[in-house]
Amino acid sequence: MISRPWWRRKDSAIAWTPTELQERYTEAVYGYVALRLGVGAEAEDATAETFVAAFTRLHACPTREKITENDDPMRAYLIGIARRKVADILRLRERRQETPLSETLTSDATQEHGVLAAEASARLTEILAALRPDYREVLLLKYVEGHSLAEIGRLLERSATQVGSLLQQAREAARREGRDYFED
């Protein structure tokens, strides 16, 4: 008897094919990685590595049945892998003492609105960079990625209550750090 791949077996509890997984979650994973590393080849590589790692351990992935409207453990699982890939790249970048190329302004940015938006974005980046890593991480996961407290708790290996407390502390630290930005 020829054995079919485990994700195609009728009795499989996984119910994910690699293609389905990638189609559904690439945007979320790439979005997270690009926020941490910047848009470019490194972000694309980290996204691809995230899916390779997930594909090799599909048996450990959350099943579709566990996904609800407010809680997607598969997304949290993949973002957790992506966090580790980003950390690896940042450590390597530090060892090499590389700095990413700054993004060039487009012709639209020459208009006042574009310049102001670029300045605001740069200021927010400075504020986030000045925060403790766990504060930065929880703010990005909540407000940029849109994860629930429960999802963030799984990613950071903390309870939802602890995440809520950390989030409050992070917001306060960001307000203090960016007083000039937030008071305008």
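In the predicted model, helix H2 meets helix H3 through Glu-42, Ala-46, Glu-49, Thr-50, Phe-51, Ala-53 and Ala-54. The H3 side of this contact consists of Leu-78, Ile-81, Ala-82, Lys-85, Ile-89 and Arg-93. By class, 8 of the residues in the contact of H2 with H3 are nonpolar, 1 is polar and 4 are charged.

Two packed helices are described by the angle between their axes and the distance between the axes. H2 spans residues 41-56, and H3 spans residues 73-96. Their packing angle is about 135°, and their axes lie 9 Å apart. H2 is therefore oblique to H3. The crossing of the two helices, H2 and H3, is right-handed.

H3 also packs with helix H1, which covers residues 18-37. Here the angle is about 35°, and the axes of H1 and H3 are 10 Å apart. The H1–H3 crossing is right-handed. From H1, the contact draws on Leu-21, Tyr-25, Ala-28, Val-29, Tyr-32, Val-33, Arg-36 and Leu-37. H3 contributes Met-74, Arg-75, Leu-78, Ile-79, Ala-82, Arg-83, Val-86, Ile-89, Leu-90 and Arg-93. The contact of H1 with H3 has 14 nonpolar and 4 charged residues, with no polar ones.

Several H3 residues take part in both contacts. Among them are Leu-78, Ala-82, Ile-89 and Arg-93, which meet H2 and also belong to the contact with H1.

The side chains of Arg-75 and His-147 are joined by a polar contact of 3.3 Å. His-147 sits in the loop between helix H5 (133-144) and helix H6 (149-156). Its relative accessibility is 0%, so His-147 counts as buried. Neighbours within four places in sequence aside, His-147 touches Arg-75, Ile-79, Leu-141, Lys-142, Ile-152 and Leu-155.

Lys-142, one of the contacts of His-147, lies in helix H5. Lys-142 has a relative accessibility of 27% and therefore counts as partly exposed. Apart from neighbours within four places in sequence, Lys-142 is in contact with His-147, Ile-152 and Leu-167. Leu-167 is 25 residues from Lys-142 along the chain, yet the two C-alpha atoms are separated by 8.3 Å.

Notes
Residues are numbered from 1 along each chain as its sequence is written. This is a predicted model: local features need pLDDT of at least 70, side-chain atom pairs count only at pLDDT 80 or more; totals for chains, interfaces and linings use all residues. Side-chain values use heavy atoms; hydrogens and water are left out. Axes are lines fitted to C-alpha atoms, for helices over the stretch in contact, and angles run from 0 to 180 degrees between N-to-C directions. Helices (H or I, at least four residues) and strands (E, at least two) are DSSP runs, numbered from the N terminus. Angles under 35 degrees count as roughly parallel, over 145 as roughly antiparallel, 65 to 115 as roughly perpendicular and the rest as oblique. A crossing is left-handed if the near helix is turned anticlockwise from the far one by less than a right angle, and right-handed if clockwise. Contact means heavy atoms within 4.5 Å. Ala, Val, Leu, Ile, Met, Phe, Trp, Tyr, Cys and Pro count as nonpolar, Asp, Glu, Lys and Arg as charged, and the others, Gly among them, as polar. Buried means under 20% relative accessible area, exposed over 50%, partly exposed in between (1.4 Å probe, protein chains only). A polar contact is a pair of N or O atoms within 3.5 Å; within protein, one must be able to donate a hydrogen and the other to accept it, and residues adjacent in sequence count only if both atoms are side-chain atoms.
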